[in-house]
Amino acid sequence: MAIQLDHLMVPARDKLRSARLLAELLDVPWSETGIGPFAPVYLNDGLTLDFDEWGEPFPLLHFCFRVSPEQFEAILGRLKARGIAYRSAVHGPVDYRVDSEHGGAIVYWNEPDGHQWEMLTVSYARQA
């Protein structure tokens, strides 16, 4: 059997707020309750993000979601509709632009606890 990533824990100040926001932006299911203390966001049939409330300080993490061009436009539309600041560079200023220099479309945004989300249509990490 090939090794597959099953779930990741995401530290949060308010796990329900954070899980709900990400699930609504990505248009994926989530639950207020999961196994243990978690609020799970079901990204696909094989990967879950388990939001958990942690004390301060907690690590800020970066997550990248590869999506279809149609999903990209829909998610970008939801970011815009909610007034969520986004940018074209990982460490750049908020410029409300989409990066298209890597053969696809890329945007970055931060959620309320500071975690950085990235969305792209073509993986630059896996060129082959």
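Student: Are Phe 65 and Trp 117 buried or exposed?
Tutor: In this predicted model, Phe 65 is buried, and Trp 117 is buried as well. For Trp 117 the relative accessible area is 2%.

Student: How many aromatic pairs are there?
Tutor: The count comes to three aromatic pairs. In one of them, the ring centres of Phe 63 and Trp 117 lie 5.0 Å apart and the planes meet at 40°.

Student: Why is the pair of Phe 63 and Trp 117 called tilted?
Tutor: Planes under 30 degrees apart would count as stacked and planes over 60 as edge-to-face. The angle here is 40°, so the pair is tilted.

Student: Where in the chain do these two residues sit?
Tutor: Phe 63 belongs to strand β4 (residues 62-66) and Trp 117 to strand β6 (residues 116-120). They are 54 residues apart, and the pair thus links distant parts of the chain.

Student: Why does Phe 63 count as buried?
Tutor: Its relative accessibility is 9%, and the term applies under 20%.

Student: What about Phe 65 and Trp 117, how are their rings arranged?
Tutor: They form a tilted aromatic pair, with 5.6 Å from centre to centre and 35° between the planes. This pair also connects distant parts of the chain, as Phe 65 in β4 and Trp 117 in β6 are 52 residues apart.

Student: Which residues make up the aromatic cluster?
Tutor: Phe 63, Phe 65 and Trp 117 form one aromatic cluster.

Student: Changing topic to the strands: how many bridges join β4 to β6, and in which direction do they run?
Tutor: There are five bridges between β4 and β6, and the two strands run parallel. Within this pairing, Cys 64 has Glu 118 of β6 as its bridge partner.

Student: And which way does β5 pair with β6?
Tutor: Strand β5 (residues 106-110) pairs with β6 in the antiparallel sense, over five bridges. Asn 110 has Gln 116 in β6 as its bridge partner.

Student: What lies between β5 and β6?
Tutor: The two strands form a hairpin with five residues between them. In the turn, Gly 114 has a positive phi of about 105°.

Student: Why is β6 described as largely enclosed?
Tutor: Five of its five residues are buried, so β6 is largely enclosed by the rest of the structure.

Student: Which residues lie on each side of β6?
Tutor: Gln 116, Glu 118 and Leu 120 are on one side, with Trp 117 and Met 119 on the other. All of these are buried, and both faces of the strand are covered. In a regular strand, side chains alternate between the two faces of the sheet.

Notes: Residues numbered from 1 in each chain as written. Predicted model: local features only at pLDDT ≥ 70, side-chain atom pairs only at ≥ 80, totals over all residues. Heavy atoms only, no water. Phe/Tyr/Trp six-rings, centres within 6.5 Å; stacked < 30°, edge-to-face > 60°. Helix = DSSP H or I, 4+ residues; strand = E, 2+ residues; numbered from the N terminus. Buried < 20%, exposed > 50% of the residue type's maximum accessible area, 1.4 Å probe, protein only. Pairing = 2+ DSSP bridges.
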